[in-house]
Every structure is written in C-alpha cells, then in structure tokens.
Amino acid sequence: MAEVFEGITVLDFSRGMPGSIATMVMSDFGAEVIKVEPPGGDPFRGWPGAIQWNRGKKSVILDLKTAGGQDKARRLSQQADVVFENFRPGATKRLGIDYETLSAGHQELVYCSLTGFGPKGPYAHYKGYEGVVAAKSGRMMMFSNLHRKEGPTYVAVQGASHSAAMALIRGAISALYVRDRTGQGQKVETSLLQTITPFDHVGWIQGQMAESKPDKYPADQYIGGGRPNPHGYLAARTKDGQWIQLANIMERLFRSMMGYLDMGHIYEDPRFKTAPAVSDENRAILEKMVLESVRKRTLDEWMDIFVNETTNVAAEAYMTAQEGMNHSQVLHNRQIRNVEDPRLGKTRQVGPVVLMRETPGNPKGPAPDAGQHTDEVLGRLNGDITRAANGSGTSLPKYPLEGITVLDLGTVINGPLGCSLLTELGARVIRIEAPDGDYHRHVIYGLPVHRTMAGTEGMCLNLKAPEGQEIMHKLAAKADILLHSMRPGAPERTGIGYEQLSEINPRLVYFYGGGYGSTGPHSLRPSMAPIPGAVCGGAMTQLGRDVLPPHDQDMTIDEIREVSRKLGRANDGSTDHNSSMVNAVGMLLGLYARERTGKAQYIESNMLGANAYANANDFFWHEGKPPRRRPDSQGYGLNALYRLYPARGGWVFLACPNENEWQALCQTIERTALLADPRFSTPEAREEHDADLAEELGRVFATREPLEWEKLLTDADVACVKAEDRGMYWFYNEDAHVRENGFITEVETQRLGKFWRYSPLVRFSHTQGKAGPGILRGEHTQTILRELGYSDDEIRDLRSGGVVDWEEP
C-alpha cells in the first residue's frame with residue numbers, strides 16, 4: 001500500500017523534540033529521514049523521548065565546522081527533497097547549510113527552519129528552550145495561582161514544542177504541495193514564540209477590547225492569567241482515594257451527570273434550576289455537593305456506570321502517561337506500537353499521528369546509533385541524483401493552499417482551530433454551525449471565535465432538516481476536505497457520513513477529529529478538553545510532585561475542594577489546542593496523499609492520540625525507563641537549573657541544563673565557589689543537593705531586577721529571561737521584538753473595528769500566509785447560498801423555515 005511520503009528524502013539537522021517529532025512523523029508515513037549529527041552525536045540523545053522521536057531514521061555523523069563536512073552536507077542536500085534545521089539565526093550560514101547555499105542549483109528544495117524567538121530582533125540569539133519561551137511570552141501566567149502563589153507557574157507539558165512540530169509538518173507538506181505543482185521549493189519558517197500563541201485563544205482579544213470598548217467588554221482578572229474552568233469541569237475524589245475528572249459543561253451532559261450522581265433533585269431548588277449556569281456563590285455550593293456525592297463510590301464503580309450505563313457523561317480517571325498508555329481506547333485505536341530496540345529490547349511507543357485508511361503510517365524501526373549509517377549514506381554521493389518527481393511550468397500561487405476548500409463541522413476548539421490554521425495557509429474554510437451557533441459564541445462575550453474561527457467564512461445550517469442536508473451535499477460536492485467531530489452515528493443521521501459524501505464527491509478528503517475514536521469501548525462517549533488531560537498524564541505532571549495525598553489518607557471536604565481546585569487549574573484545557581494542531585496536520589496529509597495517489601480517503605484522529613504526542617517525552621515505555629520529571633510542589637520548575645526565581649520586582653526563568661552552561665552561569669554571577677563545592681561539582685551531586693542549590697541561586701537572583709539578569713546572562717549565552725508576570729496579551733501587545741518580527745497582524749471587523757491578532761504560525765519565502773479575523777454567526781450564509789444557486793426568495797424561505805440563519809452586523 002502506498003505511503004504519503006514514499007520517495008521523499010528528508011535531511012534532518014535539527015536537535016531536540018520539535019524538529020525530531022516532525023521528521024519522525026514524516027518517517028512514519030514513508031519518507032527516508034537522514035539525521036545529521038555532530039561528532040559525538042546529538043547532545044539531545046540523552047533526553048527523555050529521544051528513542052521515540054528518532055525512530056525509523058538513518059544517522060550520519062558530519063563535522064559541519066570543517067570544510068569537508070560542509071561539502072558533504074551540501075552534496076547530500078542535492079539529493080534531498082526537504083531539509084529541517086533548528087539552529088539560532090546566523091548559525092546555518094557559518095556551518096554552510098543555510099537555505100541560500102543549499103538551494104543554489106536545487107530550486108526544488110523545501111527548507112524548514114525553527115528558531116526559539118524568530119529570525120531577528122533583540123531576543124533572536126536567546127537559546128530556544130521551551131521554558132525560556134514560555135516564561136518570556138507570558139504563557140506561564142496561564143497557570144498562575146495553581147499553588148496559591150503570586151506570579152508565573154512553570155508549564156510542564158511542552159505545548160510550544162508540540163505546536164512547533166505540527167507547524168513544521170504543515171509547512172513542509174504545504175511547500176511540497178506547491179513544489180509538486182510548480183517545481184519551486186521554498187523556505188519555511190516558524191519559531192516557538194509563534195507556535196506558543198494558539199494556547200491564548202481569548203486573552204489577546206479580550207485585553208484589546210477591555211481597553212478600546214470597556215463599557216461593552218469590561219476587564220476581568222483573568223485576561224492575563226489562567227481562567228477558572230467552567231462549571232461542569234470538576235476533579236473529584238472517590239471513595240477509594242482516587243481522582244476522577246468530570247467534564248460536562250453542555251447542559252444535556254450536565255443534567256445527565258446530575259442524574260447519575262443521584263442529584264437530579266437540584267433542579268427543584270431555585271438556586272440551581274438553571275444549572276450549569278448558576279452564580280459563583282451557588283456554583284461553590286453545588287460543587288461541594290458533587291464532591292460529597294462522588295466520594296460515596298469507588299473509582300471503578302463510577303467508571304463502570306459512566307462507561308457501561310450511559311453514553312452521556314464525560315468522565316475519566318486521572319492517570320500518568322504510563323497509565324494512559326494502557327487505556328482500553330488507546331489500545332483499541334492502536335495508538336501504541338511495539339518497536340524492538342537493539343539496546344533496550346521491547347519498547348512501546350506512540351503510534352502514527354493520525355489513522356489513514358488508504359495510506360497508513362507505521363514506525364519504521366528503532367532509533368539508530370549515532371553515525372550508524374554514515375558509510376551507507378555518504379556512499380551515495382558519487383551516484384546519480386534521484387528525487388521525487390515534481391511539476392514545473394505552473395506559476396506560483398499567492399498562498400500555498402490557494403484553491404482548496406475545507407468544510408468545518410467541528411465544535412468548540414478542537415475542530416475549528418485546526419481548520420483556522422489551514423486558513424493561514426490560504427485555504428478557503430467554510431465554517432458550518434448550528435443555527436444557534438457554536439459554544440464559544442455564548443461565553444466571554446463571544447470573543448474566542450476571533451481565534452477559533454479566524455479567517456473562515458461562516459454559515460448557520462440545520463442539518464436535521466432535509467433541506468439543510470441538501471445544502472450540505474451541494475457544498476460537499478465542491479469541497480476538497482471535510483472535518484467533523486460528531487460521535488459515531490450522528491454523521492449518518494445528518495447526511496454527512498463518509499459513504500454518503502464520498503459517493504457525492506469521490507475526491508473529498510474526509511477527516512474525523514473525535515474525542516475517543518469512531519469504534520471501540522469508549523467511542524460513543526463524550527469527550528471534552530479535560531478528558532485527555534486526565535488520561536494522557538499532562539494534568540498529573542502539571543500538578544507537581546507530592547501534591548496529591550495518599551489514597552488511604554482521610555480528607556475533609558474542604559481539603560478535597562482545595563486539591564480539586566489545584567487539579568482543575570493543572571488540567572487547563574490546552575488539550576483542545578493540542579488536538580487542533582494534529583487535526584490540521586491530518587487534513588494536509590490527506591490532501592497531499594490525494595495529490596500523489598489521485599485518491600481521497602477517510603482519516604481519523606482523536607484527542608487521546610493527539611495529546612499522547614503533546615506528552616511524547618513520556619508517552620513511551622521500555623524496561624528501566626526513568627520516571628517523568630515533574631515540577632516541584634510550588635510550580636517553580638524541574639530543578640535548580642531549570643526553574644523560575646523571584647527577582648527584585650519580578651521573576652526570572654533560568655535554563656542551563658548543560659555542564660558548559662552551568663560553568664558560564666557561575667562565572668557570570670561571580671559565584672565560582674559553587675563550581676568547587678562538592679555538593680554541586682557534578683550533575684549527580686547537583687541533583688542530590690538540588691534544594692540547596694536552589695536556595696543558593698535564589699539568594700543571588702533576589703539582588704537584581706529581572707531585566708538586569710536577562711542582559712547579564714544572555715550576553716554570556718546563558719538562557720535567563722524576565723518572566724512576564726501579567727500574561728501573554730501584555731507581552732505581545734507591548735514588546736518591540738514582536739513587532740520587529742511581524743508576529744502580530746492588524747485585522748478589522750465591522751463590529752469590533754481594528755485590532756491585532758497573532759500572525760500566521762508559518763511563513764514561506766515564495767508564497768504568503770493569510771490572517772483574517774473571526775466571523776459573526778452565519779455571516780456568509782447568504783453569499784454561500786447564492787454561490788450554490790439559491791435565489792434571494794429561496795434564501796428567505798430557508799431562513800423562515802429554520803434551515804439557515806445569520807446574525808445581523
């Protein structure tokens with residue numbers, strides 16, 4: 001069976017998680033990936049997850065600091081279709097592997113570049129550790145107050161790296177799609193400072209509206225910090241001391257949950273008759289009642305009810321990533337694959353990023369030893385150059401996905417944000433909502449849609465009506481891609497099942513972005529954002545070390561409420577965003593497969609699998625695997641050399657995990673005595689005496705202001721930055737580096753006027769990205785219906801019959 005990237009050769013100069021995950025995905029789907037390592041091997045080989053993200057690749061040792069090594073790299077690139085690198089700006093030029101050098105005489109080359117902070121500006125040369133970017137950008141404020149301390153809190157799940165990996169894949173596929181049509185490759189660029197922005201889907205716009213239109217959009221304390229979970233999202237302790245995540249914000253799910261908790265009587269109480277929409281005071285009372293009810297049964301008893309007696313309550317146990325790997329639905333979906341490793345024996349690793357029916361992916365073998373394939377690969381240099389076939393003669397499009405139409409029938413964040421990411425690549429996305437609109441139109445003044453639906457066209461359509469299904473079929477006949485997130489059975493009832501639509505349009509790439517999957521023991525169950533957060537280990541990691549009491553420890557209801565609050569803050573909802581990025585990749589894989597094979601197909605993703613990828617530094621197993629590193633119980637960071645510190649008037653984040661960085665730190669802060677201190681003289685000693693080292697450094701950092709430390713240490717090439725302690729909105733709104741790199745773009749709507757939005761995550765050298773605002777409910781309904789041939793009279797009749805709708809500007 002054909003594979004998406006069959007015949008494609010990738011030269012991977014990247015180090016660390018983001019680039020390696022991107023090229024791992026390409027390997028899984030058929031590309032030959034050649035990992036180029038320096039003498040001694042990639043320094044990130046010892047990091048958790050490297051055995052997973054380097055799988056299926058060939059390894060070549062080249063010394064790029066020598067003329068001979070650079071010449072070999074250049075000649076290898078002439079045989080490659082795609083190059084990946086993640087050096088700091090200017091480094092590739094010095095090493096002879098920059099885009100201009102490698103594309104000379106090879107215009108078909110697609111060159112993907114990842115930096116920490118972008119190609120220029122005052123932070124361009126800062127080391128791009130995820131923690132550094134998360135602190136500098138304000139992302140760490142989204143977990144503020146998790147441990148009831150002021151200021152930022154360390155972000156445990158490497159979301160920016162996950163987002164960057166998915167952005168690199170989207171960029172590579174889009175550039176290959178253009179190349180195969182035109183014969184022209186191009187440079188693809190992104191940065192962690194860009195790819196971290198999808199996690200802020202509302203603060204950026206709410207902050208601007210609170211300033212420009214305070215009467216209509218009043219400010220609140222959560223614009224910069226983490227927003228409390230909506231009512232219906234609640235972590236609860238069971239009778240046997242386990243924790244369960246309830247995730248039922250939709251009214252019908254909430255009512256169902258109340259019934260199974262033996263709490264249906266609440267609707268007779270005037271305080272709760274509109275639940276889950278109740279006042280903050282009554283919410284606290286009701287949540288206490290729920291916590292009391294949940295601790296009447298064990299975890300197994302509750303899950304037996306929620307899995308076997310109903311399909312209308314979203315709930316899951318809190319798990320580590322290792323436990324989540326054995327979740328029955330994860331196993332059913334084959335999202336864990338066995339890979340035999342010659343050094344470690346049997347390993348269990350995360351499976352392909354999406355499930356493709358016609359061009360499936362599969363791990364291609366274990367991670368190689370450093371330089372294992374040097375002789376084999378360099379032996380090709382004297383042979384003929386062979387590359388994947390590509391087109392020529394067609395002019396370059398303005399946007400990579402120009403002419404592609406996507407139908408978005410997703411909900412909340414998971415589906416819509418994924419489709420919005422395709423608008424940034426130039427696709428036309430038609431957003432299909434129910435007549436009363438998506439969930440996000442009814443919360444936070446409807447502002448979230450300016451991220452989740454940015455750049456799309458909007459149509460409100462009643463798919464329960466035959467006339468609505470007829471309209472849907474006319475749209476599908478002309479579309480290239482369709483995404484939905486309905487539970488199994490619902491697509492067929494509403495006329496959008498795969499067989500129904502593929503008969504109408506055999507070239508339609510059909511993508512199901514669900515919660516659990518289309519088949520299996522949990523497939524009919526609802527899933528909301530906290531569900532994969534609980535199952536895949538992210539929330540438990542974010543919570544930190546030694547926070548959960550032992551199972552057999554008695555707890556008062558007030559103690560349970562406090563731990564519940566912490567778990568709720570730790571399980572912040574980023575899983576929706578993580579899933580959306582995978583959905584966007586899956587749709588592009590389907591599009592590119594259609595381009596190469598001539599066939600469309602059914603493709604599937606689910607939130608559990610997507611968030612396994614976001615936790616890829618722990619979502620794997622082998623005998624003797626070390627446990628995942630968790631933050632300390634106060635959320636400062638992983639250890640003394642990778643954590644937040646209070647400074648004079650603010651906070652700094654320090655990242656110096658390597659020995660040379662540790663030595664540079666001590667010399668720069670004039671504490672060379674620490675180098676000779678036997679407690680800190682070796683990595684092992686520093687780990688054993690981590691608390692002592694944190695205390696020593698804490699006293700040092702308290703003596704100066706954050707920006708003083710940032711200047712002093714980054715000048716010495718030690719990663720230390722002022723940690724933004726207000727939130728992402730303020731950083732992106734005020735920082736000159738953001739504007740110098742063009743990381744925000746001005747847009748305009750009739751209702752809100754002019755405002756900025758985050759710019760497209762991926763940039764191209766020969767084609768453009770596209771940035772649009774959000775849309776009103778059904779804003780383009782009439783225009784789209786006219787395109788389909790409906791008259792104004794017919795449109796009015798459809799609206800009066802409840803088939804279509806729109807809101808007035």
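At 4% relative accessibility, Asp-341 counts as buried. Select Asp-341 to begin. This is a predicted model.

**Stop 1: Asp-341 and its partner.** Asp-341 forms a salt bridge with Arg-343, and their closest N and O atoms are 2.9 Å apart. Is Arg-343 buried or partly exposed? Arg-343 has 42% relative accessibility, so it counts as partly exposed.

**Stop 2: Arg-441 and Glu-433.** Select both residues. They form a salt bridge, with 2.9 Å between the closest N and O atoms. Glu-433 is buried, at 3% relative accessibility. Arg-441 counts as buried as well, at 15%.

**Stop 3: helix α34.** Select residues 792-800 to see this helix. Asp-793 and Arg-796 both lie in α34, three residues apart, or about one turn of the helix. A salt bridge joins the two, the closest N and O atoms being 2.0 Å apart. Asp-793 is partly exposed, with 47% relative accessibility.

**Stop 4: a network.** Select Asp-677, Arg-679, Asp-692, Glu-695, Glu-696 and Arg-699 together. Salt bridges link these six side chains in a network. How many salt bridges does a search of the whole structure find? It finds 57.

**Stop 5: the second largest pocket.** Select Met-250, Arg-252, Thr-411, Ala-434 and Met-486. Of the 48 residues lining the second largest pocket, these lie nearest its centre. The pocket has a volume of about 1,600 Å³. Now colour α10 (251-260), β14 (428-433), α19 (490-493) and β17 (509-514); each supplies at least two lining residues. The lining has 21 nonpolar, 16 polar and 11 charged residues.

**Stop 6: the largest cavity.** The whole structure holds two cavities of 30 Å³ or more. For the largest, select Val-157, Gly-538, Asp-572, Ser-574 and Thr-575, which lie nearest its centre among 20 lining residues. About 160 Å³ of space lies inside. Show α21 (530-535), α22 (538-543), α24 (574-597) and α25 (607-614) next; each gives at least two residues to the lining. By class, the lining divides into eight nonpolar, 10 polar and two charged residues.

**Stop 7: the second largest cavity.** This one has a volume of about 40 Å³. Which residues line the second largest cavity? Select His-231, Gly-232, Leu-234, Phe-254, Met-257, Glu-287 and Val-290. Helices α10 and α11 (280-294) each supply at least two of the lining residues. Four lining residues are nonpolar, two are polar and one is charged.

Terms used
Residues numbered from 1 in each chain as written. Predicted model: local features only at pLDDT ≥ 70, side-chain atom pairs only at ≥ 80, totals over all residues. Heavy atoms only, no water. 1 Å grid on protein atoms, 1.4 Å probe; cavity = no way out; pocket = protein on both sides within 12 Å on 5 of 7 lines; lining within 4 Å. Points joined across faces, edges and corners; volume = space filled by probe spheres on them. Helix = DSSP H or I, 4+ residues; strand = E, 2+ residues; numbered from the N terminus. Nonpolar A, V, L, I, M, F, W, Y, C, P; charged D, E, K, R; others polar. Salt bridge = Lys/Arg side-chain N within 4 Å of Asp/Glu carboxyl O. Buried < 20%, exposed > 50% of the residue type's maximum accessible area, 1.4 Å probe, protein only.
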